[in-house]
Amino acid sequence: MAIVVAKVGPVVGRAQVTVTNPTLVQIVLSPSPLTLPRGLSHQLTATGVYADGSALDLTADARWTASNDHATVSAGLVTALKPGKSTLRARFGGQTGSLQISITNAELVELQVEPSAPSLPKGLSQAFRATGIYQDGTRHDVTSRVTWSSEDPAVGTIAPTGLALAQDIGSTAVRASLGGISTETRLEVTPATLARIEVTDTTASLPKGLSRNLIATGV
């Protein structure tokens with residue numbers, strides 16, 4: 001409860017306002033519907049819709065369940081275990097949202113890596129993304145599932161997450177492998193390019209005859 005006061009000169013008006021928690025009316029799960037090849041995982045989102053029209057991400061707070069052993073789900077991360085269908089549910093505040101997942105036996109037929117042939121100044125990093133293309137024509141992010149490697153780690157290294165670090169000037173192949181299928185792109189490491197110079201105390205005032213050291217910093 002709150003008291004709102006309006007005052008003009010000696011005249012004062014007051015109003016009592018009661019603040020209530022908006023009522024949760026619906027939980028929406030996305031993406032829906034969802035199709036995944038066996039063995040893949042996908043992050044779902046649970047959005048709570050309230051009576052006042054507001055929306056809140058409830059993914060981390062909801063209680064997630066799967067209707068059978070074709071899939072597992074925890075904190076919204078669903079993993080496809082075997083072909084078939086499963087209903088995924090998220091419960092919170094007396095409301096339940098659901099979606100159906102279809103799990104296929106589709107095999108991986110191609111990998112694609114992005115960005116293609118990036119150029120990176122020495123010392124900087126670049127995130128790579130791997131996309132798997134399956135027999136049924138679906139495309140899925142497999143960045144965390146592929147095995148990443150660099151042809152020349154002295155030029156550039158790459159972490160299991162797909163994050164590459166430019167170590168030294170040169171060129172190296174960045175490769176992603178999964179299920180016997182591989183693809184690669186090239187990473188060019190260039191000298192760091194000077195973009196601007198920043199000088200300290202650009203408005204410094206000095207008496208005649210005195211000196212002062214300024215600092216020039218290259219960015």
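**Charged pairs and their setting**

A: Of the 219 residues in the protein chain, 29% are buried. The model is a predicted one. Its secondary structure consists of 24 strands and 0 helices. The chain exposes about 13200 Å², with 52% of that area coming from carbon and sulfur atoms. Among contacts with a separation of 6 or more, 45% join residues 24 or more positions apart.

Now to the charges. Side chains of opposite charge can pair when their charged atoms come close. The whole structure contains 7 salt bridges.

Take Lys-82 and Asp-69. Their side chains form a salt bridge, at 3.2 Å from N to O. Lys-82 sits in the loop between β10 (77–80) and β11 (84–92), while Asp-69 sits in the loop between β8 (63–66) and β9 (71–74). The two are 13 residues apart, and the pair links distant parts of the chain. How covered are they? Lys-82 has 34%, so it counts as partly exposed. Asp-69 has 49%, so it is partly exposed too.

Next come Arg-175 and Glu-184. The closest N and O atoms of this salt bridge are 2.6 Å apart. Arg-175 is partly exposed at 27%. Glu-184, at 42%, is also partly exposed.

A further salt bridge joins Glu-198 and Arg-196, at 3.1 Å from N to O. Both partners are partly exposed: Glu-198 has a relative accessible area of 38%, and Arg-196 has 46%. Elsewhere, shared partners join Glu-114, Arg-129 and Asp-141 into one network of salt bridges.

For contrast, turn to the nonpolar side chains. The largest nonpolar core has 42 residues. Trp-64, Val-78, Val-142, Val-146 and Trp-148 touch the most other members. Beyond its neighbours within four places in sequence, Val-78 contacts residues including Leu-34, Leu-88 and Ile-101.

The structure holds 1 aromatic pair. Phe-128 and Trp-148 form it, tilted at 45 degrees between the planes and 6.3 Å from centre to centre. Phe-128 lies in the loop between β15 (125–127) and β16 (129–134), and Trp-148 in strand β18 (residues 147–150), so the pair ties together parts 20 residues apart in sequence. Both Phe-128 and Trp-148 are buried.

Methods:
Residues are numbered from 1 along each chain as its sequence is written. This is a predicted model: local features need pLDDT of at least 70, side-chain atom pairs count only at pLDDT 80 or more; totals for chains, interfaces and linings use all residues. Side-chain values use heavy atoms; hydrogens and water are left out. Helices (H or I, at least four residues) and strands (E, at least two) are DSSP runs, numbered from the N terminus. Buried means under 20% relative accessible area, exposed over 50%, partly exposed in between (1.4 Å probe, protein chains only). Contact means heavy atoms within 4.5 Å. Accessible areas come from the Shrake-Rupley method with a 1.4 Å probe; for residues, only the protein chains shown count as cover. Rings of Phe, Tyr and Trp (its six-membered ring) pair if their centres lie within 6.5 Å; planes under 30 degrees apart count as stacked, over 60 as edge-to-face and the rest as tilted. A nonpolar core is a set of buried Ala, Val, Leu, Ile, Met, Phe, Trp, Tyr and Cys residues joined through side-chain atoms within 4.5 Å. A salt bridge is a side-chain nitrogen of Lys or Arg within 4 Å of a carboxyl oxygen of Asp or Glu.
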